[in-house]
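Take a look at this structure. The paragraphs below walk through its sheet, its helices and a pocket.

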Amino acid sequence: MKSTLSWPVRILWFILWFFWQQTITSAKVVRDALLPHASIEPGFVRFATRCRTELEVTVLSSLITLTPGTLTLGAHRPDDGPEWEIVVHGMYFPEPDDLTESLRDMETHMLRAIRREVTDR
């Protein structure tokens with residue numbers, strides 16, 4: 001379990017990480033907009049999150065939508081369960097597993113940053 005004392009550092013690290021991700025994906029989208037042979041391979045996925053609160057799922061959904069090439073289409077809690085599921089469209093993910101892996105990475109970074117006490121879950 002991580003200390004609440006490290007919380008501001010984790011938030012700062014997440015902001016830096018997210019801006020780097022924005023830079024990489026923005027460059028890819030601009031490149032494909034300018035080149036005649038774009039490498040766009042869209043895909044959809046239902047992503048079962050580890051988010052426990054409406055705030056967490058809202059932040060994650062917003063971060064996904066802010067990332068160039070991805071869009072959150074909806075979020076719901078199946079059968080009033082403890083976790084949320086979101087539907088995401090990605091421009092560069094022909095394989096659903098690739099998109100799911102990318103979303104899981106973003107979710108892990110986000111949850112580490114916004115939860116004061118972080119557990120392995």
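We begin with the sheet and end with the pocket.

This is a predicted model: local features need pLDDT of at least 70, side-chain atom pairs count only at pLDDT 80 or more, and totals for chains, interfaces and linings use all residues. Residues are numbered from 1 along each chain as its sequence is written, and side-chain values use heavy atoms, without hydrogens and water.

Start with the strands. Three of them form an open, antiparallel sheet in the order β1-β3-β2. Strands are DSSP runs of E with at least two residues, helices are runs of H or I with at least four, and both are numbered from the N terminus. Two strands pair if DSSP finds at least two bridges between them. β1 (43-48) and β2 (70-76) are the edge strands, each pairing on one side only. β2 and β3 (residues 85-90) share six bridges in the antiparallel sense. Thr-70 stands opposite Gly-90 in β3.

Two helices pack on this sheet. Contact here means heavy atoms within 4.5 Å. Helix α2 (residues 54-66) touches β1, β2 and β3. Helix α3 (residues 96-114) touches β1 and β3.

Which element gives the largest share of the lining of the largest pocket? α1 does, with six residues. A pocket is an open set of points on a 1 Å grid over the protein atoms alone, where a 1.4 Å probe fits, with protein on both sides within 12 Å along at least five of seven lines; lining residues have an atom within 4 Å of a point. Of its 16 lining residues, Gln-21, Thr-25, Thr-67, Phe-93 and Ser-102 are the closest to the centre.

Technical notes
Axes are lines fitted to C-alpha atoms, for helices over the stretch in contact, and angles run from 0 to 180 degrees between N-to-C directions.
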